[in-house]
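Subject: Structure handover and findings

Hello,

Here is the structure for you to look at. My notes on it follow below.

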Amino acid sequence: MHKAPLFPPLILIVRPPRQALADVAVCEEAGWRAQIFSPMDIEADHEAVESLNERVRQADAVFWVSPSAVSVSARAVDFTNSSTRHIAVGEGTKKGLSVFCPYEVLCPSQGNDSEAVWELPVWKQLPLTARILIVRGYGGRNWLIEKLTAKGFTVDVAEVYFRRERQLDWVWFQQQQPQAAFVASAECVRLLFGQVPPSLAQLLKTLLYLTHHVRIAEALKAAGAEHIRVIPKLDAHALNHALYGEKNE
């Protein structure tokens with residue numbers, strides 16, 4: 001059983017700061033203290049963002065891979081063409097995109113990844129002559145690109161942001177002794193555990209980790225994390241279960 005938390009418990013939000021703000025609000029509303037502890041910053045590729053609108057205009061469908069893709073580039077796009085299908089990787093990306101796009105934004109009801117997006121009916125509805133644009137950061141996965149290309153679609157990729165490592169305050173970490181962490185990407189796992197000083201490595205491994213995807217959970221396990229829960233989304237139910245669930249099981 002995970003060690004009993006202090007009250008109010010402190011959870012680290014391990015994702016880029018712009019996306020982490022909403023998670024902080026959710027945690028605080030549920031009675032937790034929350035602190036952004038991101039080993040990564042998102043930096044826009046301004047030249048790519050400036051050229052994005054023309055590339056979207058030429059596409060029949062646009063797949064937005066992450067909330068970061070939306071936050072750095074959606075405001076540069078004209079969404080008035082109702083015939084272009086816009087597809088989001090998950091509910092968070094859909095919510096951000098819907099601020100700019102007045103038409104329906106498609107996304108999987110479960111999964112939050114390319115595999116779930118591949119199961120959407122839209123790929124059967126589009127003609128095989130359709131042009132698909134994927135908006136993402138540099139170095140993203142190519143799984144969906146390969147699937148769409150094999151089906152016969154013409155696929156283009158717009159890489160609109162860089163992931164930049166940022167140094168974490170490990171003195172603060174040691175002083176605050178957090179009980180849990182919510183981690184939103186496998187890349188954040190790699191950077192987080194890659195930065196930790198040897199003297200704090202064991203403490204980092206013993207936190208209770210919450211994540212919304214099995215792939216991230218696998219990365220956490222490989223990094224040495226000892227307590228991992230996969231949750232549908234970060235909300236009051238998931239947070240309360242993290243505190244009390246083990247006592248009732």
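Two strands count as paired if DSSP finds at least two bridges between them. Helices (H or I, at least four residues) and strands (E, at least two) are DSSP runs, numbered from the N terminus.

A word on provenance. This is a predicted model, in which local features need pLDDT of at least 70, side-chain atom pairs count only at pLDDT 80 or more, and totals for chains, interfaces and linings use all residues. Residues are numbered from 1 along each chain as its sequence is written, and side-chain values use heavy atoms, with hydrogens and water left out.

**Strand β1 and its partners**

Start with β1. It pairs with strand β2 (residues 33-36) through 4 bridges, and the two run parallel. Within β2, Ala34 is the bridge partner of Ile11, and Gln35 is the bridge partner of Leu12. Strand β9 (residues 180-183) also runs parallel to β1, again joined by 4 bridges. There, Ile11 has Ala180 as its bridge partner.

β1, helix α1 (residues 17-29) and β2 form a right-handed β-α-β unit. Right-handed means that, with the strands pointing away from the viewer, the path from the first strand over the helix to the second runs clockwise.

Why is strand β1 described as largely enclosed by the rest of the structure? Because 5 of the 5 residues of β1 (residues 10-14) are buried. Buried means under 20% relative accessible area, exposed means over 50%, and partly exposed lies in between (1.4 Å probe, protein chains only). In a regular strand the side chains alternate between the two faces of the sheet. Both faces of β1 are covered. Leu10, Leu12 and Val14 are buried on one side, and Ile11 and Ile13 on the other.

**Two domains**

The chain divides into domain 1 (10-39 + 166-244) and domain 2 (43-163). These bounds come from an automatic or database domain assignment. The centres of the two domains, taken over C-alpha atoms, are 27 Å apart. In contact across the boundary are 9 residues of domain 1 and 10 residues of domain 2. Contact means heavy atoms within 4.5 Å.

The area buried between domain 1 and domain 2 is about 610 Å², with 44% of it from carbon and sulfur atoms. Gln19, His213 and Arg215 supply 56% of what domain 1 buries against domain 2, more than any other three residues. Buried area here is the accessible area (1.4 Å probe) that two parts lose on being put together, summed over both.

The UniProt record, an unreviewed entry, places "domain: Tetrapyrrole biosynthesis uroporphyrinogen III synthase" at residues 25-236. UniProt positions are in the numbering used here, feature names are shortened, and annotations may be inferred rather than shown by experiment. Residues 25-236 are 39% helix and 24% strand, and the end C-alpha atoms of the span lie 11 Å apart.

**The six-stranded sheet**

An open sheet of 6 strands runs in the order β3-β8-β7-β4-β5-β6, with mixed pairing. β3 (40-44) and β6 (105-106) stand at the edges with a single partner strand each, so one side of each has no neighbour in the sheet. Strand β4 (residues 61-64) pairs with strand β5 (residues 85-88) in the parallel sense, over 4 bridges. Val62 stands opposite His86 in β5.

- Thr93 sits in helix α4 (residues 91-98). Thr93 is buried, at 2% relative accessible area. Leaving aside neighbours within four places in sequence, Thr93 is in contact with Trp64, Ser66, Pro67, Val70 and Ala88.
- Pro39 is in the loop between β2 and β3. Pro39 is buried, at 0% relative accessibility. Not counting residues up to four places away in sequence, Pro39 touches several residues, including Val14, Arg164, Cys188 and Gln195. Leu168 is another of these contacts. The C-alpha atoms of Pro39 and Leu168 are separated by 6.1 Å, at 129 residues apart along the chain.
- Gln177 lies in the loop between α8 (170-176) and β9. Gln177 is not a glycine, yet has a positive phi of about 50 degrees. Gln177 is partly exposed, at 32% relative accessible area.
- Gly140 is in the loop between β7 (131-137) and α7 (143-151). Gly140 is partly exposed, at 22% relative accessibility. Gly140 and Gln177 are 37 residues apart in sequence and 33 Å apart in space, C-alpha to C-alpha.

Best regards
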